[in-house]
Amino acid sequence: MNKQATIEKIKLPGVKNIIVVASGKGGVGKSTVAANLAVALASEGYKTALFDADLYGPSSPILFDVQDEKPQVFKYPEGEKYIPVQKYGVKLMSVGFFVTKKKSLIWRGPAASGVLTQLLSSTEWGETDFLILDFPPGTGDIQLTAIQKLTISGALIVTTPQQLSLADAEKAADMFENEHLHVPLLGVVENMAYFTPAQHPDERYFVFGNGGGQLLANQLNVPLLAQLPLICENEVNSPETFKISKNPIIVEKFRALAESIQKSVSDKAWGFRYIKQN
């Protein structure tokens with residue numbers, strides 16, 4: 001008997017595609033990749049949202065510099081409804097909006113899964129072309145709950161070139177390829193792929209090794225969608241630096257990644273229809 005068939009799906013009216021951004025370990029820049037991808041898609045005219053699924057260490061309020069903002073909450077007989085915070089054209093929802101700063105978040109697995117389900121289902125996403133789901137690192141209860149309860153269009157695997165990161169990223173990818181889960185892998189994003197000094201923009205130094213992202217992509221039989229550099233004046237590639245940075249490398253990398261994502265979804269014929277906003 002297939003137990004997966006008995007799990008009720010979460011309905012998100014108006015959401016056309018859900019893209020997961022995942023990693024096997026922390027510290028690889030997964031959340032900044034997810035945030036910048038969302039901003040890039042929004043800048044291209046797609047109705048975009050970002051859900052911060054890292055309930056233990058929510059970072060999207062910090063990345064978007066909206067730590068002091070709160071979602072609007074409306075109470076109805078059937079329960080509460082949340083209106084996402086918006087910035088850079090991206091609708092944002094995170095447990096970080098509801099907790100005290102610097103307070104540690106301690107959840108047992110079932111409690112975390114319950115919070116995840118409540119936030120996802122109670123948020124008024126509206127018409128959304130892309131909902132980016134920023135997973136916590138690893139392969140725990142939160143990830144499994146999301147995969148089982150959502151209809152996910154595809155997943156990105158974020159890694160750095162180091163061997164340890166690659167090994168953990170491969171484990172994360174294996175979760176999506178589980179025979180009971182069946183989430184398509186869209187490709188690999190290699191973060192911190194190389195370092196380019198501001199004074200020497202044509203030079204590349206492979207601080208963490210060379211070729212790791214391509215190796216992982218080959219092993220998974222998926223494309224290497226992006227190699228994101230470390231750039232001296234933008235040590236953290238936050239949405240703000242992406243939006244206001246004059247560095248064409250960062251701008252082009254994330255725009256190209258956004259284009260690859262929308263093309264992959266379209267080519268897979270998963271029922272997506274694009275209506276770009278003027």
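A salt bridge here is a side-chain nitrogen of Lys or Arg within 4 Å of a carboxyl oxygen of Asp or Glu. You are looking at a predicted model, in which local features need pLDDT of at least 70 and side-chain atom pairs count only at pLDDT 80 or more, while totals for chains, interfaces and linings use all residues. Residues are numbered from 1 along each chain as its sequence is written, and side-chain values use heavy atoms, leaving out hydrogens and water.

**Stop one: K16.** Select K16 and E127, whose closest N and O atoms sit 3.1 Å apart in a salt bridge. K16 belongs to strand β1 and E127 to the loop between α3 and β7, 111 residues apart. Strands (E, at least two residues) and helices (H or I, at least four) are DSSP runs, numbered from the N terminus. D129 counts as buried because its relative accessibility is 2%; buried means under 20% relative accessible area, exposed over 50% and partly exposed in between (1.4 Å probe, protein chains only).

**Stop two: K30.** Next, pick K30 and D134, a salt bridge at 2.8 Å between the closest N and O atoms. K30 lies in helix α1 and D134 in strand β7.

**Stop three: α5.** Finally, select residues 163–176, helix α5. Which residues are buried in α5? They are S165, L166, D168, A169, A172, A173, M175 and F176. Turn to the face away from this buried side to find the exposed Q163, L164, K171 and D174.

Key:
The expected span of a helix is 1.5 Å times one less than its number of residues.
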